[in-house]
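Take a look at the structure shown here. This report walks through a few of its features.

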Protein chains: 2
Amino acid sequence: MRFVLVAGTTETAHIEGISAAGADPALMAHTPSADLEIVEYGQPVQAPVMPVSPTGCPTPAVITRAVHELTEFEILALDAGLVRPTSAPTVALEAMPGRDIRHPRPVDSAADTFEAARQLGRSLPDDELVIGETIPGGTTTALGVLTALGERAVVSSSLPENPLALKREVVDEALAASNLSAGETADEPVKTVRHVGDPVLAAVAGMTIGATTTDTSVTLAGGTQLVAAAALARHAGVDTALSVATTSFIADDETVRMNELANDLSLDVTVTDPGFHHRNHSAMNPYIAGEAKEGVGMGGALALADRAGISMADVREQVVAVYDRLVVDESL
Amino acid sequence: MRFVLVAGTTETAHIEGISAAGADPALMAHTPSADLEIVEYGQPVQAPVMPVSPTGCPTPAVITRAVHELTEFEILALDAGLVRPTSAPTVALEAMPGRDIRHPRPVDSAADTFEAARQLGRSLPDDELVIGETIPGGTTTALGVLTALGERAVVSSSLPENPLALKREVVDEALAASNLSAGETADEPVKTVRHVGDPVLAAVAGMTIGATTTDTSVTLAGGTQLVAAAALARHAGVDTALSVATTSFIADDETVRMNELANDLSLDVTVTDPGFHHRNHSAMNPYIAGEAKEGVGMGGALALADRAGISMADVREQVVAVYDRLVVDESL
């Protein structure tokens, strides 16, 4: 098994009220680079700060790192359009940072990214890949993709109050900018990403397409962004079993009916509840309040911990350990 | 502990008779990229073939991979001037591929590479780094560096018969092309690399300089190339303890007096003998015949196995397992 983290950016995240993946808009550009460093090293190395939401919710990279420290799974980080450098080792896919989806061609490199990711997914020696993402603004581009493909147009949010109406407005503008209507690119996954997606979705879908051609089992680790990537793979003709491993915070999100979305696309869904309500700790309380919910492969990491027989109580203790180390570093 | 592999290229390797790090000159450019993939994945992924010498000696990446499978140390691969793509995740240092050292400025990017590596070495959270290399032609550039610094000018070879006279001729031409004489750049490590070195030496020396400033323990995993990197660090003012971990094949190489070289530079040397003479196997026999000897951190990996209480008999079994998998893949 290899844990693949696909990191990139879309300027869609700069739209006010869209994303909570950074304390402020200037820091948000560093979030995916910092997330990779936290998972790889347990702390930011080159990135200036630990990513937190505007209200202080720590990045889900903390949870994925905690599970990594308990289970030592192998990590492969992919650069699918980072704008800030990272000291985490990455394989660079042929990807440029994504523009705002209200631009007519926000992802010019979509075809190249699909192809580079497909080749990598086909070439890796593993029996199983677990694929997660880190891209601020990614649920809005996911909504763009689901809408253009003609799938159920609902996505989750890193904010406690899902700004779904705002996202739909942005997606409507995005479709209009590309002269597309909902459902119009149903058989064209590359075109879909090029016009209303982001480079991470191209990379996740491409990896999934490549891996499944060599009978590698694929688990998409995350929420509605990963479902959108699965939709791209399905619309590219992938008809083998695909799994999604997500958190209870996504499953409990009433603005998105995860089971219906997953049923539409024949995805097996595993939901893992880390039991954060059993602790009163600032690393976990924001999740109880509905922040973050998912990201950086968190749901997949929790599922791997469960599969390895590690209790969620042990996961929570390790989350505290990782968080406390990070907070000490920040305050130095 | 983190196992750092610095990979790059120098056109010096194209000089006939200099390097055995590839079956033929065209394939040699792929060697460092393939070595990283073998250590990371156990097989080439994007690289076209497993690197072997012209007579079929498998790359020392096989041994490092075998130990990695037994001990699961963390790997950080650095791109210090690769010319062929790799599917192994890397951190790209500010490095260009090195030109033939008979060019007046073979490593234009020397200062940038030193600085990027220094910053990374300083920033990593680890208590201990073990640093190895993969760069065909690297012993000749190492000889250039040792000569220009005024150190004992002897280096080992990946060939059974060390072409030391040829290397000295190349280094003399290199010094002449840069209007330098032996010992002239003793206090200028960056200038030394710029004129007679390679980008991997800049990166290893820079990492060492950065790591030692934060009291990270550094073990240089390899032979005379790593000693040359240590010399650069010493000439940059590093006066803390530095260790070299190498193989018995280097220690037994009569063309290079490893202990004298190490004494000159106050380096602690650990020599590990993998006991390849106990087996009659095509993965190991070429080493007994004096081929390869070191590379891809082999000596450091063997020392880590020893420290972890793993017997060399178990290491040998794993070498056979890794090699057999590679050979099956190649013959498909």
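The sections below cover a helix, a helix crossing and some aromatic rings.

## A predicted model

This is a predicted model. Local features are described where pLDDT is at least 70. Keep that in mind while reading.

## An enclosed helix

Start with helix 13 of chain B, which spans residues 298-307. Of its 10 residues, 8 are buried, so helix 13 of chain B is largely enclosed by the rest of the structure. Buried here means under 20% relative accessible area.

Which residues of helix 13 of chain B are buried? They are B:Met298, B:Gly299, B:Gly300, B:Ala301, B:Leu302, B:Ala303, B:Leu304 and B:Ala305. Just after this helix comes B:Gly309, with a positive phi of about 80°.

Now find helix 4 (residues 110-123) and helix 7 (residues 189-196), both of chain B. Their axes come within 8 Å. They cross at roughly 130°. The crossing is right-handed.

Which residues make the contact? Helix 4 of chain B supplies B:Ala110, B:Ala111 and B:Phe114. Helix 7 of chain B supplies B:Pro189, B:Val190, B:Val193 and B:Arg194. By class, the contact has 6 nonpolar residues, 1 charged residue and no polar ones.

## Aromatic pairs

A pair of aromatic rings is described by the distance of the centres and the angle of the planes. Over all chains, a search of the whole structure finds 8 aromatic pairs.

One of the pairs joins B:Phe3 and B:Phe73. Their centres are 4.6 Å apart, with 25° between the planes. Planes under 30 degrees apart count as stacked, so this pair is stacked. The pair links distant parts of the chain, 70 residues apart. B:Phe3 sits in strand 1 (residues 2-7) of chain B. B:Phe73 sits in the loop between helix 3 (61-71) and strand 2 (74-79) of chain B.

Next, look at B:Phe249 and B:Tyr287. Their ring centres are 5.8 Å apart and their planes stand at 50°, so the pair is tilted. B:Phe249 lies in helix 10 (residues 248-251) of chain B, and B:Tyr287 in helix 12 (residues 285-288) of chain B. The pair therefore ties together parts that are 38 residues apart in sequence. Both B:Phe249 and B:Tyr287 are buried.

## A cluster in chain A

Finish in chain A. Ring pairs there link A:Phe249, A:Phe276 and A:Tyr287 into a cluster.

Key. Residues numbered from 1 in each chain as written. Chains lettered and ligands numbered in written order. Predicted model: local features only at pLDDT ≥ 70, side-chain atom pairs only at ≥ 80, totals over all residues. Heavy atoms only, no water. Buried < 20%, exposed > 50% of the residue type's maximum accessible area, 1.4 Å probe, protein only. Helix = DSSP H or I, 4+ residues; strand = E, 2+ residues; numbered from the N terminus. Axes fitted to C-alpha atoms, helices over the stretch in contact; angles between N-to-C directions. Left-handed = near helix turned anticlockwise from the far one by under 90°. Contact = heavy atoms within 4.5 Å. Nonpolar A, V, L, I, M, F, W, Y, C, P; charged D, E, K, R; others polar. Phe/Tyr/Trp six-rings, centres within 6.5 Å; stacked < 30°, edge-to-face > 60°.
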